[in-house]
Every structure is written in C-alpha cells, then in structure tokens.
Amino acid sequence: MLFRSTLAKSGSTISFKDNTALSIGEDSQITIDEFVFDPASGSVKGAMRVVKGVLRFASGASTTKAVSIETQTAIIGIRGTILDVAADRQRTGVFVHVGQVMVQAAGNSLQLGAGQFALIEASGAPAIVSVPLWFIERTRGMVSILGLPEKPTGAAAAPAKGRATVAPLR
C-alpha cells in the first residue's frame with residue numbers, strides 16, 4: 001500500500017512499469033492499495049482510494065486492465081482510458097478524456113465514454129451532467145501545477161520537463 005498526500009499548490013506524478021501515469025493534484029489524499037503489472041501476460045490489476053482531491057489516471061500499454069478507483073461516493077472501474085477525478089466527502093466528479101469507464105454508486109451503474117462527465121453526490125446515483133465550475137477549477141489547478149496537457153491525447157503522458165521523476169512501483 002502507498003499513501004500519497006499533497007499540499008496546496010503542489011502535485012505529484014507516479015509512473016508505473018506498464019507506462020500508466022497517475023497525476024495527483026493539490027490538497028489531495030490518495031491510497032494505492034494495489035497495482036500489479038504482469039509483463040508475461042501484459043495484464044494490470046489495481047485498486048486505489050481517493051479520500052479527497054483530484055487526479056488524472058492515464059492507462060499504460062498493458063493489454064488487459066482491471067483497475068478501480070474508490071471515492072467516498074463512487075467506485076470507478078477503468079479498462080484502459082484517460083480520466084480526471086475530483087472528489088471529497090460529499091461528491092465525486094469524473095471526466096473521461098479517452099476510452100470508457102464504469103461508475104457505480106447507490107446501487108446504480110453508468111458507463112461513460114470520451115467527452116462525458118458524471119456527477120455522483122452522497123447517497124445518489126451517478127448522473128451525466130454538464131461539467132460544473134468547481135470541477136473545472138480543481139482540474140485546471142492540477143494541470144497547471146503538474147504541467148499536464150489540458151486535453152490529453154494517446155497513451156499515458158510523461159511527466160512535464162523540469163519535474164522530478166518518481167521511480168516506478170513494483
């Protein structure tokens with residue numbers, strides 16, 4: 001298990017062996033419970049929890065992916081994608097840049113594709129809505145602090161130049 005916490009106006013990017021990148025924005029608390037890459041089969045299995053904060057997850061080159069992100073209000077199933085998540089105790093916002101994700105909350109499931117945003121509020125079902133201002137502000141801060149592209153393309157983006165590289169987890 002790995003716990004990451006960031007302060008105001010700070011962030012971190014973790015690069016995994018399969019080239020998956022996890023970028024964590026300011027004032028965030030995230031726990032990576034598991035992230036296992038099997039190079040022989042090309043599969044990835046992972047689970048992480050967001051207590052609060054914002055992140056961008058960009059899947060790497062593995063052929064089979066089974067990664068989940070749990071927040072206070074939702075569980076997000078990732079099968080190869082790039083997405084942004086902003087979460088606190090009362091709500092979770094999920095925006096998919098590339099690929100698809102499955103969002104589960106309050107006994108309901110919702111599949112999101114590229115360009116879609118879902119809002120999950122405490123004790124509520126996930127709903128596709130317009131991207132709210134609070135989400136735009138949180139993710140914009142992460143993008144500028146970490147030097148991430150606002151609209152990512154392709155597979156996992158490398159950390160911005162001039163940033164410290166974090167050793168891959170094993």
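Arg49 is partly exposed in this predicted model, at 34% relative accessibility. Its salt-bridge partner is Asp33, with the closest N and O atoms 2.9 Å apart. The pair joins distant parts of the chain: Arg49 sits in strand β5 and Asp33 in strand β4, 16 residues apart. Asp33 has a relative accessible area of 31% and is partly exposed.

The whole structure contains four salt bridges. The table lists some of them, including the Arg49 pair.

| Salt bridge | Closest N and O atoms |
|---|---|
| Arg49 and Asp33 | 2.9 Å |
| Asp27 and Lys52 | 3.1 Å |
| Arg91 and Asp88 | 3.6 Å |

Asp27 pairs with Lys52. This pair also links distant parts of the chain, 25 residues apart: Asp27 lies in the loop between β3 (21–24) and β4 (29–38), Lys52 in strand β5 (residues 43–58). Asp27 is partly exposed at 38%. Lys52 is partly exposed at 29%.

Arg91 has two contacts to note. Its salt bridge is with Asp88. It also lies over the face of Trp134, 3.8 Å from the ring centre. Arg91 is partly exposed at 28% relative accessibility, and Asp88 is partly exposed with a relative accessible area of 28%.

Trp134 leads on to the aromatic residues. The structure holds three aromatic pairs. Ring pairs join Phe117, Trp134 and Phe135 into a cluster. Phe135 is buried, because its relative accessibility is 3%.

Val131, Leu133 and Ile136 make up a nonpolar surface patch, with about 230 Å² of accessible area together. Val131 lies in the loop between β11 (127–128) and α1 (133–146). It is partly exposed at 32%.

Conventions
Residues numbered from 1 in each chain as written. Predicted model: local features only at pLDDT ≥ 70, side-chain atom pairs only at ≥ 80, totals over all residues. Heavy atoms only, no water. Phe/Tyr/Trp six-rings, centres within 6.5 Å; stacked < 30°, edge-to-face > 60°. Buried < 20%, exposed > 50% of the residue type's maximum accessible area, 1.4 Å probe, protein only. Lys NZ or Arg CZ within 6 Å of the ring centre and 35° of its normal. Patch = residues over 30% accessible without salt bridge, like charges linked within 9 Å, V, L, I, M, F, W, Y side chains within 5 Å. Areas by Shrake-Rupley, 256 points an atom, 1.4 Å probe, with all protein chains shown as cover. Salt bridge = Lys/Arg side-chain N within 4 Å of Asp/Glu carboxyl O. Helix = DSSP H or I, 4+ residues; strand = E, 2+ residues; numbered from the N terminus.
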